Amino acid sequence: MKIDAVTIFPDYFAPLQLSLLGKASSAGIVSFGIHDLRSFATNNHHAVDDTPYGGGAGMVMLPEIWGLALDPLMVDDTDLIILTPAGKRFDQPMAVELSKAPHLVFACGRYEGIDDRVRAHYSSHQYSSRNIRVHEVSIGDYVLGGGEVASLVMIEAITRLLPGVLGNPDSLSEESHNEQGYLEYPNYTKPAVWRDIQVPEILLSGNHGEIAKWRVAQAKKRAADNL
Ligand code: ADE
């Protein structure tokens, strides 16, 4: 999978070199391209934004610069993801869908967002006929300073689903068993007693049938408690 991100803060993406993502990229499972939006600025001051038509607070990112940055990335069969708190809520089924895509492009808006003609332009037939799809996505009902952290959240959730990224692929099938909406059960490891707290007896019993039932019950209880 190829993943590109366009941002005015390329340094935000340094964590892509760490941990699972770093290993996945060294192994060639995923390759990242981080593009500095400001390098496409055409004006003297390298401004990337301007005041909104119609008035109001905040600044809006210029469509011209976004067009110059995105055009070369719009190869056939690309999913363009525009991060915005007004977008569709990101969740695990969306991560699963996007993990099947060959090419993702993350457009990280700042300020009050990107001029809406950027979304409109890349949503037009000219692009959809080449299997280029545009998604406006939010990672949750809160407002971040920009789309960079939201992109990292999505990239981590998506890339860990790619074959060969997780050391133990059983972790994924256990998660999918939980897709009925149950959150995971509580986990324990050594020692059997820690600060006077005992690991639940059932887990030490060796009775796998009873352990599986107990875990389902615990996962349901957790899910109910979190409502
Ligand atoms: N940009 C600002 N807030 C955001 C959010 N919650 N999700 C995605 N992008 C954002």
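Me: D196 lies in the loop between β8 and β9 (197-198). How are such elements defined? Is D196 buried or exposed?

Reply: Helices (H or I, at least four residues) and strands (E, at least two) are DSSP runs, numbered from the N terminus. Buried means under 20% relative accessible area, exposed means over 50%, and partly exposed is in between (1.4 Å probe, protein chains only). D196 has 78% relative accessibility, so it counts as exposed. Its phi is near 70°, a positive value in a residue other than glycine.

Me: What kind of model is this, and which cut-offs apply?

Reply: The model is predicted: local features need pLDDT of at least 70, side-chain atom pairs count only at pLDDT 80 or more, and totals for chains, interfaces and linings use all residues. Residues are numbered from 1 along each chain as its sequence is written, and side-chain values use heavy atoms, with hydrogens and water left out.

Me: Where is confidence lowest in the protein chain, and where is it highest?

Reply: pLDDT is the predictor's confidence in each residue, from 0 to 100. The protein chain has a mean of 95, and 96% of its residues reach 70 or more. Confidence is lowest in helix α7 (residues 170-177), with a mean of 70. It is highest in β6, at 99. Where pLDDT is low, the predicted coordinates should not be read in detail.

Me: Which domains does the protein chain have?

Reply: Domain bounds come from an automatic or database domain assignment. Here that assignment gives domain 1 (1-167) and domain 2 (180-224). Their C-alpha centres lie 39 Å apart.

Me: How many residues does the largest nonpolar core have?

Reply: In soluble globular proteins, nonpolar side chains tend to be buried together. A nonpolar core is a set of buried Ala, Val, Leu, Ile, Met, Phe, Trp, Tyr and Cys residues joined through side-chain atoms within 4.5 Å. The largest one here has 29 residues. Those with the most contacts inside it are I81, F90, L104, F106, M154 and I158. Helix α6 (148-159) is among the elements that give two or more residues to this core. The largest share, 6 residues, comes from α6.

Me: Where is F106 placed, and what does it touch?

Reply: F106 sits in strand β6. It counts as buried because its relative accessibility is 0%. Contact means heavy atoms within 4.5 Å. Leaving aside neighbours within four places in sequence, F106 has contacts that include I3, I81, L83, M154 and I158.

Me: T78 is in strand β5. Which backbone oxygen does its side chain reach?

Reply: A polar contact is a pair of N or O atoms within 3.5 Å; within protein, one must be able to donate a hydrogen and the other to accept it, and residues adjacent in sequence count only if both atoms are side-chain atoms. The T78 side chain reaches the backbone oxygen of V75 at 2.8 Å. T78 is buried, with a relative accessible area of 0%.

Me: Which residues surround the ligand?

Reply: A residue is near a molecule or strand if one of its heavy atoms lies within 4 Å of it. The ligand's surroundings include L83, T84, P85, I139 and Y142. A polar backbone atom of T84 is 3.3 Å from a ligand nitrogen. For I139, a backbone N or O atom lies 3.0 Å from a ligand nitrogen. For Y142, a polar backbone atom is 2.8 Å from one.
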